[in-house]
Amino acid sequence: MAFCNTGNLGPNLDGIWIDNKPTAASDGGVLAVLNPLDDSLYRNVAESTVDDVNRAVESAHKAFQTYKHTTTKEREKMLCKAADLMEQYIDELKDILIDEGGSAYRKASFEAEKAVSFVRASAGMVRQMTGKTLPSDYPDKISMTIRAPRGVVAVITPFNVPLIKAARLCANALATGSTVVLLPSEHTPIVSLRFAEILAEAGFPSGTVNVVPGNGYKIGDALTTHKLIKTVTFTGSTVVGKHIQKLCAEQNKHVTLELGGKNPLVIMADANMKDAVQGALRGIFMHQGQACIGSSRIYVEKTIYPKFVEMYVGIASKIGMGDLRDPETIIGPIISDRQRDRIKQHIEDAVSKGAELATGGVWTGNRCAPTVLLNVTKEMDVCQQETFGPVVSIYPVDSFDEALSCANDTEYGLSAAIYTANLNNAMAFAKGIESGMVHINSPSISDEAHVPFGGIGDSGFGREGTEADLETFTDLKWVTIQS
Ligand code: NAD
């Protein structure tokens, strides 16, 4: 397997990626990346210092001076090549997602294929970097807008979908002529390093994408507040997102925040029961519940509640927890002690306050069995806080109005879903739900390259996607010509 360890770092160390080559940390520091299945060592990676971050930003700034002049044709060609190379190396990318991130094969395949499609779609963005001609109040004045790439952008990514986020945001920034410094999660830096290496092979010039593996809490502020960083796109927890937002506000810096969720799924009595059960299972248990758009709150109309719970729990208790490379496996390990502790605390807290454990709550090594809680009340942490594990609460509701009101009873607003055969209720839900995304008769988990992906409230602001990222990574300039 090829890693980013070419150069003089030796076979057991992946380097910081600056100027299209791996380099050691300025202080020689090393970060151990663990395989979450058993916390054994997966890879060692150079741990970036603030000096390394500065070096990466300066490299991206230098690259921007020439990269911004590349033609549409050149950028399009490199992005298409990058997508082709990702397809060529797709098994290797899946392997990293499995061993570094604890992804089951099905999730790793989904993520790798989605990432390829995002990079391919970004090639189409290149020719969408358009302005407008405008009317003018003044005679003989030509008025128009043009777009300019913004400059160096910081892309900060979470552990759960590291390739999807790196691929989409780096490729979309590169499509506009901007350059990137990528800070991946300390738990999953290797797949981003491999992705950067693929971009270099696709022809992206030295410095256009630099990757600084390390601990965000040590080097994140230096990246976010660096004067040469013009935009920050952050995906991660709400608490870190709010901190970054403050830093960016102090510098008048553009920021987009893709944060956590406590996404609701509503199931009305007229829904197709089989589809609803399947959607509700897929909606939470993919990647063992470590998905920002996972539906961890299910509201079911009372008349079908007992039947739904019986069917749901029956299947949930048998979900595959076998070999990660077996396509039947859904549940893999939870990434870290911190995340495991939170999941355990949420389950224990709920049970101690009277919730019924319909199934789950059992750990096998670092894996938590699918856990279904009933009789959950607002005093329980699991009710309103993001658990980020395979834990779901099911609530009975009397009516559509109650379902909508409960669904909106959260500070988050990322994704939502409803299963119903009633078009009026479906549309009333789509309009009434306070979230950035809503799906009718399909799970809350969904993403496509060109859609506006993102949330409101504590789930962040700004959107991702080819169209939205044109706004994020470019500045619109008004130009007039007086003849
Ligand atoms: P996290 O907030 O712990 O870390 C995210 C990233 O921020 C990491 O790269 C980390 O190194 C970096 N970081 C930490 N401190 C920083 C600082 N001071 N400055 C700059 N960067 C810093 O989140 P996580 O545990 O990796 O990911 C899980 C969270 O991400 C969940 O809340 C989940 O809902 C959210 N998420 C959101 C989306 C979305 O699109 N809305 C997608 C995936 C994950």
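A residue is called buried when its relative accessible area is under 20% and exposed when that area is over 50%, with partly exposed in between. The views below show a predicted model.

View 1. Glu113 and Lys94 form a salt bridge, with their closest N and O atoms 3.9 Å apart. Glu113 belongs to helix α4 (residues 105-125) and Lys94 to helix α3 (residues 90-101), and the two residues are 19 residues apart. Lys94 is buried because its relative accessible area, 7%, is under 20%. Glu113, at 45%, is partly exposed.

**View 2. Strands β6, β7 and β23 form an open sheet.** The 3 strands pair in the antiparallel sense, in the order β6-β7-β23. Strands β6 (133-134) and β23 (474-482) are at the edges with a single partner strand each, so one side of each has no neighbour in the sheet. Between β7 (residues 141-149) and β23 there are 9 bridges, and Ala148 stands opposite Asp475 of β23.

**View 3. Asp475 forms a salt bridge with Arg150**. The closest N and O atoms of this pair are 2.9 Å apart. Asp475 is partly exposed at 32% relative accessibility, whereas Arg150 is buried at 10%.

**View 4. Arg168 takes part in a network of salt bridges**. The network links Arg168 with Lys165, Asp447 and Glu464. Arg168 lies in helix α5 (residues 162-176) and is buried, at 1% relative accessibility. A polar contact of 3.2 Å joins its side chain to that of Glu464.

Key: Residues are numbered from 1 along each chain as its sequence is written. This is a predicted model: local features need pLDDT of at least 70, side-chain atom pairs count only at pLDDT 80 or more; totals for chains, interfaces and linings use all residues. Side-chain values use heavy atoms; hydrogens and water are left out. Two strands pair if DSSP finds at least two bridges between them. Helices (H or I, at least four residues) and strands (E, at least two) are DSSP runs, numbered from the N terminus. Buried means under 20% relative accessible area, exposed over 50%, partly exposed in between (1.4 Å probe, protein chains only). A polar contact is a pair of N or O atoms within 3.5 Å; within protein, one must be able to donate a hydrogen and the other to accept it, and residues adjacent in sequence count only if both atoms are side-chain atoms. A salt bridge is a side-chain nitrogen of Lys or Arg within 4 Å of a carboxyl oxygen of Asp or Glu.
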